[in-house]
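The following exercises are to be worked with the sequence and the model side by side. Each task is followed by a solution in steps.

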Amino acid sequence: YSQVQKVSLTVSGGYLVETPTSKQKFFIGHQIHHKLFNYCGVIIAVDLCFKSDDKWYQVMARSRPPKDKPWYHVQQMDGTRTYVAERNLENDQTKNN
């Protein structure tokens, strides 16, 4: 995680995707586990800071994670897509050995 790279933007699957930087912990394709809601999924896009609207944040992000840290578009194993703050994610130890 110590390499710094320039950020470039591309569109992939309808999402704006930012290339990896030293600021984020997880990357596209990384398999994760949600610490609070106990589900597994895969990172499909990365926002280096919160990019949704304040109304969504007030209703959905009840633990008030920081907006200035990375947020991830996650596809759960059942196909559901979620938007999750980095602090609520950890490696899926069963997949990322």
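Helices (H or I, at least four residues) and strands (E, at least two) are DSSP runs, numbered from the N terminus. The model is predicted, so local features need pLDDT of at least 70 and side-chain atom pairs count only at pLDDT 80 or more, while totals for chains, interfaces and linings use all residues. Residues are numbered from 1 along each chain as its sequence is written, and side-chain values use heavy atoms, with hydrogens and water left out.

**Exercise 1. The largest pocket**

Task: State which strand supplies the largest share of the lining of the largest pocket, and describe that lining by class.

Solution. 
Step 1. A pocket is defined on a 1 Å grid over the protein atoms alone, as an open set of points where a 1.4 Å probe fits, with protein on both sides within 12 Å along at least five of seven lines; lining residues have an atom within 4 Å of a point.
Step 2. The largest pocket holds about 330 Å³ of space, a volume being the space filled by probe spheres set on the points, which are joined across faces, edges and corners.
Step 3. Its lining consists of 17 residues, and those nearest the centre are His 34, Phe 37, Met 60, Ala 61 and Tyr 83.
Step 4. At least two lining residues come from each of H1, E5 and strand E6 (81-85); E6 gives the largest share, 4 residues.
Step 5. The classes are 11 nonpolar, 5 polar and 1 charged. Here Ala, Val, Leu, Ile, Met, Phe, Trp, Tyr, Cys and Pro count as nonpolar, Asp, Glu, Lys and Arg as charged, and the others, Gly among them, as polar.

**Exercise 2. An aromatic pair**

Task: Determine how the rings of Tyr 57 and Trp 71 are arranged.

Solution. 
Step 1. Rings of Phe, Tyr and Trp (its six-membered ring) pair if their centres lie within 6.5 Å; planes under 30 degrees apart count as stacked, over 60 as edge-to-face and the rest as tilted.
Step 2. The structure contains 9 aromatic pairs.
Step 3. Buried means under 20% relative accessible area, exposed over 50%, and partly exposed in between (1.4 Å probe, protein chains only). Tyr 57 is buried because its relative accessibility is 7%, and Trp 71 is buried at 2%.
Step 4. Both residues belong to a cluster linked by ring pairs, together with Phe 50, Trp 56 and Tyr 83.
Step 5. The charged end of Lys 67 sits over the ring of Tyr 57, 4.5 Å from the ring centre; the criterion is NZ of Lys or CZ of Arg within 6 Å of the centre and within 35 degrees of the ring normal.

**Exercise 3. Loop residues**

Task: Which values of phi do Asn 38 and Arg 64 have, and where do these residues lie?

Solution. 
Step 1. Most residues other than glycine have a negative phi.
Step 2. Asn 38 has a positive phi of about 50 degrees. This residue lies in the loop between strand E3 (31-34) and strand E4 (40-47) and is exposed, because its relative accessibility is 60%.
Step 3. Arg 64 has a positive phi near 55 degrees. Its place is the loop between H1 and E5, and at 35% relative accessibility Arg 64 is partly exposed.
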